[in-house]
Amino acid sequence: MAPLPPQPPTARTFASPVVEAKSWLSGLSFPPERPLIDAGQAAPADPPPEALRRVIAEAALNDDSAHHYGAVLGLGPLREELAANISTTYGGSVSAAQVAITSGANHAFCAVLASLAGPGDEVILPTPWYFNHKMWLDMAHIGTVPLPCDAATLLPDPDEAASLITDRTRAIVLVTPNNPTGAEYPPALLAAFRDLARARGLALIVDETYRDFTATTGAPHGLFTDPDWDDTLIHIYSFSKSFRLMGHRVGAVATSPARLAEIEKFIDTVTICPTPLGQKAALWGLQNLGQWVASQRDEVLARQAAMRDAAPALADAGWRLAGLGGFFAWIEHPMEADATTVAKALVREAGVLALPGTFFSPTGDAVGARALRVAFANLDAPAIGQLANRLTSFNLA
């Protein structure tokens with residue numbers, strides 16, 4: 001018998017979890033008096049503020065450069081503005097030469113990994129993990145080494161991470177505020193991971209897509225205050241949630257100029273450049289929307305408070321609010337069935353779409369099997385109350 005052909009990269013990973021979850025809605029209808037509560041995707045449904053939309057429209061109509069190829073690593077003024085923003089936010093020193101603009105945060109992650117690791121290498125990923133990170137590692141033939149988070153705090157342990165490092169390890173990836181659990185990683189924990197990565201010659205990738213929605217005030221951490229930060233830290237950011245520019249695909253990475261030279265090769269090959277129109281919008285947003293973003297943070301914190309207020313009633317029905325932060329609640333269910341079965345039944349019987357923890361965990365992982373990720377980007381306090389009521393009255397048939 002002839003040997004089987006090599007497996008193509010896309011066949012090495014699972015189907016898009018968001019696409020799969022949306023397919024569960026096919027053929028279902030929800031009455032006006034009991035509409036679907038969509039807590040599946042962490043993307044604001046509302047458009048950018050009107051002032052920003054006018055900037056986009058003006059650029060589209062009157063700025064020819066908005067329709068041309070731009071610099072591979074992004075528009076110079078945006079790189080400079082973001083470098084200044086990072087420096088101010090974290091109290092550190094970041095230059096435009098250490099910043100690149102990408103076509104979203106996922107693109108940034110893929111570009112970073114292309115500069116770091118290849119087939120047979122390994123990357124340490126705390127679990128529950130962000131599924132798109134796992135998907136890219138699978139497709140790149142890079143081994144994913146799960147680092148289970150503490151069951152109570154949902155935080156990873158640097159000492160446990162140290163025990164997983166081998167001569168094939170190239171990076172440790174952290175997401176804070178975390179997707180999917182909502183956990184915010186304390187500054188001391190991030191510093192401990194930085195020290196571990198530096199001592200072992202690894203990269204520390206910190207994805208802060210939800211940075212602008214932290215519950216704590218002040219700098220999220222002090223990693224950028226280290227004058228040599230770019231020898232270890234690779235920072236990922238996104239404008240999607242902060243300015244509601246999801247469809248414009250504008251993200252960023254901060255790292256050393258030497259690494260950016262490698263990342264430039266990837267971007268030039270995959271997208272040539274990030275969209276100039278989206279970049280112009282992001283630049284205007286950084287310069288003008290600080291107060292608006294602060295108001296959006298207040299709204300997110302109000303939704304977190306509503307979820308926290310619902311926790312006692314959920315607990316009485318056997319549900320446990322295990323994690324909360326950013327746009328997310330990580331809720332343990334009381335059913336004997338696994339989370340995928342529970343999530344599908346919730347759509348059919350309770351009109352609630354939430355992603356099962358199995359989408360964010362290795363196969364057979366007990367933590368993922370007993371939890372759901374609830375994204376409340378589009379749920380105000382009354383809707384969160386309705387969500388809690390539907391969960392507490394739900395029984396798996």
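Let's start with two neighbouring strands: β7 (residues 233–238) and β8 (residues 251–254) run antiparallel and are joined by 4 bridges. At one point of this pairing, Ser 238 has Gly 251 in β8 as its bridge partner. A quick word on terms: helices (H or I, at least four residues) and strands (E, at least two) are DSSP runs, numbered from the N terminus, and two strands pair if DSSP finds at least two bridges between them.

Before going on, note that this is a predicted model, in which local features need pLDDT of at least 70 and side-chain atom pairs count only at pLDDT 80 or more, while totals for chains, interfaces and linings use all residues. Residues are numbered from 1 along each chain as its sequence is written, and side-chain values use heavy atoms, with hydrogens and water left out.

Now zoom out from β7 and β8. Strands of a sheet pair through backbone hydrogen bonds, either parallel or antiparallel. Here, 7 strands make an open sheet with mixed pairing, in the order β2-β8-β7-β6-β5-β3-β4. At the edges sit β2 (99–102) and β4 (143–148), each pairing on one side only. From one strand to the next, the twist averages 25 degrees.

A helix lies over part of this sheet. α3 lies across β2, β7 and β8, and runs at about 115 degrees to β2. (Axes are lines fitted to C-alpha atoms, for helices over the stretch in contact, and angles run from 0 to 180 degrees between N-to-C directions; contact means heavy atoms within 4.5 Å.)

α3 also has a helix partner. Two packed helices are described by the angle between their axes and the distance between the axes. For α3 and α10, the angle is about 35 degrees and the axes are 9 Å apart. The crossing of α3 past α10 is left-handed, a label used if the near helix is turned anticlockwise from the far one by less than a right angle (clockwise would be right-handed). Who meets whom? From α3 come Pro 77, Leu 78, Glu 81, Leu 82 and Asn 85, and from α10 come Gln 279, Ala 282, Leu 283, Leu 286 and Gln 287. Sorted by class, this contact has 6 nonpolar, 3 polar and 1 charged residues. For the classes, Ala, Val, Leu, Ile, Met, Phe, Trp, Tyr, Cys and Pro count as nonpolar, Asp, Glu, Lys and Arg as charged, and the others, Gly among them, as polar.

On a 1 Å grid over the protein atoms alone, a cavity is a set of points where a 1.4 Å probe fits but cannot get out, and a pocket is an open set with protein on both sides within 12 Å along at least five of seven lines; lining residues have an atom within 4 Å of a point. Grid points are joined across faces, edges and corners, and a volume is the space filled by probe spheres set on the points.

The largest pocket has a volume of about 430 Å³. Its lining counts 21 residues, with Asn 106, Tyr 130, Asn 132, Tyr 210 and Lys 241 nearest the centre. α4 (105–116), α5 (131–139) and α8 (240–243) each supply at least two residues of that lining. The second largest pocket comes in at about 370 Å³. It is lined by 19 residues, and Thr 89, Arg 211, Asp 212, Gly 290 and Val 293 are the closest to its centre.

How many cavities of 30 Å³ or more does a search of the whole structure find? The search finds 1, and the largest cavity holds about 70 Å³ of space. β5 gives the most to its lining, with 3 residues. By class, the lining of the largest cavity has 9 nonpolar, 3 polar and no charged residues. Among the lining residues are Tyr 130 and Pro 128.

Most residues other than glycine have a negative phi, and most peptide bonds are trans. Yet the bond joining Thr 127 and Pro 128 is cis, with omega about 0 degrees; Pro 128 is in the loop between β3 and α5. Another cis bond runs from Thr 176 to Pro 177, with omega near -15 degrees. His 141, a residue other than glycine, has a positive phi near 60 degrees.
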